[in-house]
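The following paragraphs lead through one chain and its contact with a neighbouring chain. Please keep the sequence and the coordinates at hand while reading.

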Amino acid sequence: MRDFAYARAGTAEAAVGTLAAPRTAVIAGGTELLNWFRLGIAAADRVVDIGGLDELRGIARDGDELRIGALATLNEVGEHPLVTRLAGALASACLQAASAQVRNRATIGGNVLQRTRCPYFRAEEPLPWPCNKRDPGSGCASLAGRHERQAIFGWTQDCVAVQPSDPAVALAALDARADVLGPAGPRTIPMREFHLTQREAAAAGEPMRETRLGADELITGYRLPVSTAGQAYVKVRERASYEYAIVSAAADVRLAEGAGGPRAAGAKGQSAEGAGGPRAAGAGEQRIAAARVALGSVAQRPWRLTAAEAELPGTPLTREALLPVIERAMADAVPLPQNGFKVTMARNAAVRALLAAGGAA
Amino acid sequence: MTLDFARRVEVTLRLNARSRTTVVSPRTTLLDWLRDDIGLTGAKKGCNEGACGTCTVLVDGRRMNGCLTLVVQCEGRSVTTVEGLAGMKGAGEVGGELHPVQRAFADHDAFQCGYCTPGQLMSAVACIAEGHATDDASVREWMSGNICRCSAYPQITAAVLAAAREEAGR
């Protein structure tokens, strides 16, 4: 790791004020930044530490909103009673991310800014292969090489990587907004729009841009509408813990009042597949009143299935009924030669997340 | 507003219950500082990217990867390494009576080569303090950040649960 000059920010404004100069990086937890420095993904002459800013800490309810400070660690978010109760999919996503010790350092603000886990991208410089993210114009080694873990939506010939953040998927599904501070003052970015697919970035004339956050802006926190609907986060991975998702799905489901009566399916804890909600004894078929669902690790952004969300009200909460709805909503998936399985896997994850959120899994 | 960026930074922290003031280059990780400057080589440099957990130490009682932590981020904090574990209970000298978690690891044969053990021990102490050492599944989930290539996982799990039971019974 090359050395850098270091300063502790006393206020968020002071931190933002340093970002106008080139090669200045912000450090909070540091779990990503230090590895970027080691690999040569990022280089900085100056690092400004925001870790001491109490104004960016804390988790609290503010009316109909849940406010989460950017410096809240993934463990703090994941185990906070307000989050488990009012944004259960986010809590579950946080606790299924990384490891216990990484989660004690990694912050919810920095987490959504992590870069792809594409192995061609995450190699030590000098790269022995092309990568447009590392060396614009060099090409994409993954497209010509291994790409079974890569995107099925929104990719281009220039890059097929996916965004790996678990919390970002839940934040997008739950309509969270990021509070952002820049030189011109504060603004908010809906988390549904925070990340960009390669196609969106190319259309905007910046093919390698990954988020709408400006280089001179800082995430100070998030606001989420509180939800008492059932929620779940399903993460499919090659080992049971401490592994990135192959695909994931976050869901929030409100059931229709009917034969069984309304039933608040409690937020799922650590395991989205857990015991499931209590079955309404003798109740008829449960139907969905409203649902939100987003897929993770299928694109360079969390992928809300908006077509499904429009169709789900009135749909029975059964695997048989949900499968065709999700399938139709994913009809525009364009898998690469090696990752067609991700279409099926993502479809199934979405169905499982909806069932778990509705208490039927 | 301008901030003063420095290439050498003075940091005061507590290390294994003893106050220390040091001057470091900002890029110095807690792991490198412990091993190379202080000579505490319990925490190991396995992967140096947060993937293996063998550099796990406690910072203000919370387990963290020493390789993902800069010394400058530890200003005013209290760091505990495996070398400080034996002395933790009795305020005695380092090298005193083994910590209950250390004893449980020995009693349960919870290691073969021992390379991951310092990280496993520190992670286990925190896992128990957090209240996550409740059953096999919970221990396996909350200890998943510590890799053991000898695959002593069943013995490690048993040791963590035994130490947790002992702690609860005290």
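Along its principal axes, the C-alpha trace of chain B spans about 50 × 35 × 30 Å. This is a predicted model, in which local features need pLDDT of at least 70 and side-chain atom pairs count only at pLDDT 80 or more, while totals for chains, interfaces and linings use all residues. Residues are numbered from 1 along each chain as its sequence is written, and chains are lettered from A and ligands numbered from 1 in the order in which they are written.

Of the 170 residues in chain B, 48% are buried, that is, 20 or more other C-beta atoms, placed from the backbone, lie within 10 Å of the residue's own. Chain B holds five helices and five strands (DSSP runs, H or I of at least four residues and E of at least two, numbered from the N terminus), and along the sequence they follow the pattern β-β-α-β-β-β-α-α-α-α. Among contacts in chain B (C-beta atoms, placed from the backbone, within 7 Å) between residues at least 6 apart in sequence, 56% join residues at least 24 apart.

The contact between the chains takes 30 residues from chain A and 29 residues from chain B. On the side of chain B that touches chain A, the elements giving two or more residues are strand 4 (62-65), helix 3 (117-130) and helix 4 (136-142) of chain B, and strand 4 of chain B gives the most, with four residues.

Note on methods:
Contact = placed C-beta atoms within 7 Å. Buried ≥ 20, exposed ≤ 12 C-beta atoms within 10 Å, placed from the backbone.
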